[in-house]
Amino acid sequence: MRKIGRLLTSLVVGTLWMFAGVAVADLPERESREHLRVCADGNNLPFTNRQGEGFENRVATMIAEELDVPLSYVYAPQIMGFIRTTLDARLCDLVMGVAAGYGFVQNTIPYYRSVYTLVVPEDSKLDVASIDAAAFKGKRIGVIFETPPTVPLRRAGAHLQSYALQTDTRVRTPVRDAVEDVAKGVTDGAVVWGPLAGYYAARQNPPLKVIPLIYGSADARLTYRITMGVRHGESQWRDWLNDFIERRQADIDAILVDYHVPLLDEHGQLLHPTASSGEAKRD
């Protein structure tokens with residue numbers, strides 16, 4: 001579970017490599033905020049970057065506008081120690097993408113739920129929605145090292161091409177490499193976290209097909225609820241964010257749809273964007 005959490009807290013999370021924390025002295029919770037200070041990776045699209053082009057950047061802007069305060073960032077690569085050196089060090093007050101249940105932060109309610117996906121060329125015959133499908137046998141499949149799909153794909157007989165799990169995003173973007181290798185024909189497909197898959201697949205020429213693997217496996221958890229993270233003990237701040245998420249969920253969904261994030265409802269069923277508004281249709 002630690003290795004899974006390391007990935008999803010970058011990604012996510014999600015995306016999402018927040019793997020270390022330290023105990024800090026309890027301090028009184030702020031009753032008001034002069035700034036919204038967000039902990040983020042400055043080179044981690046589709047989540048965040050220094051130019052404010054990620055979907056987490058856009059949601060953070062919504063929060064700052066509601067609070068009527070300036071928005072500022074503390075940037076650091078989301079590798080081991082990210083939480084300890086940013087949120088726990090009180091340099092910032094909010095992490096935008098954290099897998100539900102991640103113990104080093106206090107989670108809000110989820111603001112989206114997504115799933116690992118299969119990325120293939122549009123004309124590929126490998127068109128399956130189950131990680132256990134026999135169709136993977138003998139196929140060259142890209143996968144991020146030691147992420148949840150690895151075991152079931154290997155058991156299905158796929159020939160795996162592994163890409164690094166934890167890396168400095170200023171130097172490398174392994175998921176982008178995995179998706180680009182599909183576009184180049186180096187691999188037959190790639191199984192990667194949905195928000196990353198949707199973003200990079202849409203940027204290939206021609207765009208690649210993204211198939212959510214909604215029929216999971218007993219060997220792997222493929223769906224995750226993504227929350228915002230605050231420090232432990234700051235319950236008023238968490239409660240304010242929970243209220244924000246509930247009130248603005250449709251607006252958040254619309255942003256996620258813009259970035260091709262595969263969205264699931266609470267029952268694990270796909271949500272579909274509407275043609276007129278771009279918002280996700282919730283069952």
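Predicted model: local features only at pLDDT ≥ 70, side-chain atom pairs only at ≥ 80, totals over all residues.
Reader: How do you know that the length of H2 agrees with its number of residues?

Author: H2 has 13 residues, and at 1.5 Å a residue these should span 18 Å. The expected span is 1.5 Å times one less than the number of residues. The end C-alpha atoms of H2 are 19 Å apart, which agrees with that expectation.

Reader: Which residues of H2 are buried?

Author: They are Phe55, Glu56, Asn57, Val59, Ala60, Met62, Ile63 and Ala64. Buried means under 20% relative accessible area.

Reader: What makes Phe55 and Tyr259 an edge-to-face pair?

Author: The ring centres of Phe55 and Tyr259 are 5.7 Å apart, with 70° between the planes. Rings pair if their centres lie within 6.5 Å, and planes over 60 degrees apart count as edge-to-face. Phe55 lies in helix H2, whereas Tyr259 lies in the loop between helix H7 and strand E13, so the pair ties together parts that are 204 residues apart in sequence. Phe55 is buried, and so is Tyr259.

Reader: Why is the pair of Tyr73 and Tyr75 called stacked?

Author: The ring centres of Tyr73 and Tyr75 are 5.3 Å apart and their planes stand at 15°. Planes under 30 degrees apart count as stacked, so this pair is stacked. Tyr73 has a relative accessible area of 23% and is partly exposed. Tyr75, at 22%, also counts as partly exposed.

Reader: Which residues do ring pairs link into a cluster?

Author: The cluster consists of Phe47, Phe55, Tyr111, Tyr112, Tyr199, Tyr200 and Tyr259. Over the ring of Tyr199 sits the charged end of Arg203, 3.6 Å from the ring centre.

Reader: How do you know that a disulfide joins Cys39 to Cys92?

Author: The distance from S to S is 2.0 Å.

Reader: Why is the disulfide of Cys39 and Cys92 called right-handed?

Author: The torsion about its S-S bond is about 105°, so the disulfide is right-handed. Cys39 lies in strand E1 and Cys92 in the loop between helix H3 and strand E5, so the pair ties together parts that are 53 residues apart in sequence.

Reader: Are Cys39 and Cys92 buried or exposed?

Author: At 2% relative accessibility, Cys39 is buried. Cys92, at 0%, is buried as well.

Definitions and conventions. Residues numbered from 1 in each chain as written. Heavy atoms only, no water. Disulfide = S-S within 2.5 Å. Helix = DSSP H or I, 4+ residues; strand = E, 2+ residues; numbered from the N terminus. Buried < 20%, exposed > 50% of the residue type's maximum accessible area, 1.4 Å probe, protein only. Phe/Tyr/Trp six-rings, centres within 6.5 Å; stacked < 30°, edge-to-face > 60°. Lys NZ or Arg CZ within 6 Å of the ring centre and 35° of its normal.
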